[in-house]
Amino acid sequence: MGLLSLGTPLDWNDAKSHNNHVRKNGIEQLKNIFNQHYSRKNDNFLWGDEIEYMLVNIDDENHTATLSIDKDYILDDLNDESKSLYKSIENNISFHPEYGRFMIEVTPAKPYNGNLLSDYLYVEKNMNSRRNVSISELPSNILPLTLTAFPRMGCENFTTPPSKPNGPASQSLFLPDEIINRHARFPTLTAKIRERKGHKVAINLPIFPDVNTKVVDDTIPKRNLFTSDIEPFIGAALPGHVYMDSMGFGMGSSCVQITMQAKDITEARYLYDSLAPATPVMLALSAAAPIFRGHLVNQDIRWNVVSGAVDDRTFIEKGETPYPGYNPFGALDVDSESKYVEDSPFNEYGEYENLKTKDGKPIQRIPKSRYDSIDSYLGGSKFYDSKYNDIFSPINPEIYFDLINDKHNHFDEPLARHFAHLFIRDPIVIFSELVNQNNKTMNDHFENIQSTNWQTLRFKPPALYSGGEDIASTPGWRVEFRPMDIQLSDFENAAYCNFISLLSKAIIKFQPNFYIPISKIDENMRTAHKINSAINETYWFRKSWNLSIAEFSSFGLEWFDRVLGTSNGAVANGSTNGFSNGVSPDISVREYEKYSSNEIINGNHDFPGLIKLIVRTIAEDFVGDNEINSELAESLLRIKYYLLLISNRASGKTPTTAQWVRQKVVTNPLYNHDSKVSDEINYDLIKDTIKISEYNNDTQELTNFLGEEIASYLTNQ
Ligand code: ADP
Ligand code: MG
Ligand code: MG
Ligand code: MG
């Protein structure tokens, strides 16, 4: 999303009366988008990434590292023609606001060309520029760091300047409203989620049990400022868990996202579906968040924190027993006829019988947060079968039938289902200036609902254009890959981004069949949360990819050594597994099995592994018969190291960021084995992360973290 236009958010009561208006017109806009763009063909494979930085104030005198919450003016300056916009333009980068006042999001200004090898190398350079330009606008003690979660967010004195948690938007016991972006959209989102829900969000992460860890969290204040202050003591906070009560804990964390453009809508649907089973695996391999609110936790990633942090479902929508004295309907305007009984029955659309809001919309049972894994495949490919969409996922039936019956026939069952699911949600923020829109030329109502459904993948249709534009040159049908935690260095982030964009290119090229039931992907998502899930766990994945293993067998990472002449001859050219030719037989009736991430990434006897698909794509599409001159050789070498990083994390040769961070804490002499991450430990940890990042390539630390081979390549550059 670009810089936000100023607007006046409607308060909850006014906004509520427009909910159906937004949904209804949003769907009209969607239909118009389809009418305008459905038949576009042969768009280029373009892609781009998004990196979210935290501005961290490092105080070397007092040994503290805190979130800087008063330097957000750099965002305005870097978008201001009379100030520093020229730096953004010169470097082809674009600065965007994010949830936290301490956050900035930076993307390439123009997307990369996925058909040019040089652009895959340019990604990391572009990321370097983003840091350098940000630094040029900041005092020297403040660094833009790519941390997934700030370890002491929500502890005492975690901001500079200091701020107190007593703000009306979040009512948080831990997070001051001063950490929230100043644009009205963000405090409004925060307040609206709480108001709709009827209570504060409640996220409970199991504390990592160490020898001196206390079961009862003594860091929850007993305050008497808002009525919600009582919540942790009447059921919101679970014993043995780190309790968090505000949107900022999740939306104040950072991730890396990658958007790819497909040649047409059919290819985009297939790409979306094919990437879905990879989402939990890549999440596990990107794990970077073992600390929340000053505690080591018994998991390694941020996902369920963000999911809980923006979960605006009421007790009844979740099917939960309300806290004593709390309204099960939250702020939903319930029809006076509505009767709530425990375990009220609901129909196939999730609609509770006899429970309606005053505007006539039935109240639904909703199993997932707005921020969660995808609910269904988009279909449209020859491998798709409706049996894979096997989870209970409520839809908005009115919208479903409206789309299915649309006279242009643009929406088949899975596509209609996808949008009808997104449109079960209420808009969270409505700006008064945008209530009335021309549905032929504006798509803000559609985007309002679409962009507040934060799933592991996002199917991004094009925008609406009023005419005059050359439609073929506007952004087309895109797929966004959203699950991953962010990495500490540009090298790593470039590696993960290139992995996903090259994998997408390979998927489009080789047309594998990756379908497994959505319920299995959801199970994998839960698995991915566990400590060191990259190597300790296994994941459901499709057994036969409908590809010949033999045709990929010579495209392991050793392919690079062969073409670069750096091979030691040890790796045989040819099959490295039991199958010598043909498509691997699907001997079991079951289409899917559990595999380690090592198998999924590096291959096994059932399938070639994702890396081989990528390497063969590079070999055929970028190298071909070209002479390997020094420039090409240098490029291929760096790409090899990008892929090696993912390969090594999958095989367990090198730790994930989360593992490295956890190790840093538990081996810190100041650590009391009570799961607590003090100010001093936090400072030491942040200093160590800086050793990994671009600012200080410390050979020893890099070797511990990335392994000898990658570290020596990076430090000998
Ligand atoms: P959002 O926050 O809605 O996901 P952003 O604008 O922050 O969107 O990021 C979108 C990413 O998509 C950026 O990296 C951008 O460079 C990239 N991008 C822009 N246009 C295209 C396109 N036509 N195809 C693929 N990627 C694109
Ligand atoms: Mg963005
Ligand atoms: Mg973002
Ligand atoms: Mg995005």
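This is a predicted model: local features need pLDDT of at least 70, side-chain atom pairs count only at pLDDT 80 or more; totals for chains, interfaces and linings use all residues.
Glu 105 uses its side chain instead, where an N or O atom sits 2.9 Å from an oxygen atom of ligand 1. For Gln 261, a polar side-chain atom lies 2.8 Å from a nitrogen atom of the ligand. How much of ligand 1 does the protein cover? On its own the ligand has 570 Å² of accessible area, and the protein covers 82% of that.

Next come the helices. A pair of packed helices is described by the angle between the two axes and by the distance between them. For helix α8 (residues 265–275) and helix α15 (residues 490–510), the axes come within 10 Å and cross at roughly 120 degrees. This crossing of α8 and α15 is right-handed. On the α8 side, the contact is made by Glu 267, Tyr 270, Leu 271, Ser 274 and Leu 275, while α15 brings in Leu 503, Ser 504, Ile 507 and Ile 508. Taken by class, the residues of this contact are 6 nonpolar, 2 polar and 1 charged.

The other pair is made up of helix α24 (residues 699–706) and helix α25 (residues 708–715), with axes that come within 7 Å and cross at roughly 140 degrees. Here too the crossing is right-handed. Thr 699, Leu 702, Thr 703 and Leu 706 of α24 meet a set from α25 made up of Glu 708, Ile 710, Ala 711, Leu 714 and Thr 715. The contact of α24 with α25 has 5 nonpolar, 3 polar and 1 charged residues.

Finally, the backbone. Most peptide bonds are trans, and most residues other than glycine have a negative phi. Which peptide bond is cis, with omega near -10 degrees? That is the bond from Thr 160 to Pro 161, and Pro 161 is found in the loop between β7 (159–160) and α6 (185–197). His 63 is the other spot, with a positive phi near 55 degrees in a residue other than glycine. His 63 lies in the loop that runs between β1 and β2 (64–68).

Terms used: Residues are numbered from 1 along each chain as its sequence is written. Chains are lettered from A and ligands numbered from 1 in the order in which they are written. Side-chain values use heavy atoms; hydrogens and water are left out. Axes are lines fitted to C-alpha atoms, for helices over the stretch in contact, and angles run from 0 to 180 degrees between N-to-C directions. Helices (H or I, at least four residues) and strands (E, at least two) are DSSP runs, numbered from the N terminus. A crossing is left-handed if the near helix is turned anticlockwise from the far one by less than a right angle, and right-handed if clockwise. Contact means heavy atoms within 4.5 Å. Ala, Val, Leu, Ile, Met, Phe, Trp, Tyr, Cys and Pro count as nonpolar, Asp, Glu, Lys and Arg as charged, and the others, Gly among them, as polar. A polar contact is a pair of N or O atoms within 3.5 Å; within protein, one must be able to donate a hydrogen and the other to accept it, and residues adjacent in sequence count only if both atoms are side-chain atoms. Accessible areas come from the Shrake-Rupley method with a 1.4 Å probe; for residues, only the protein chains shown count as cover.
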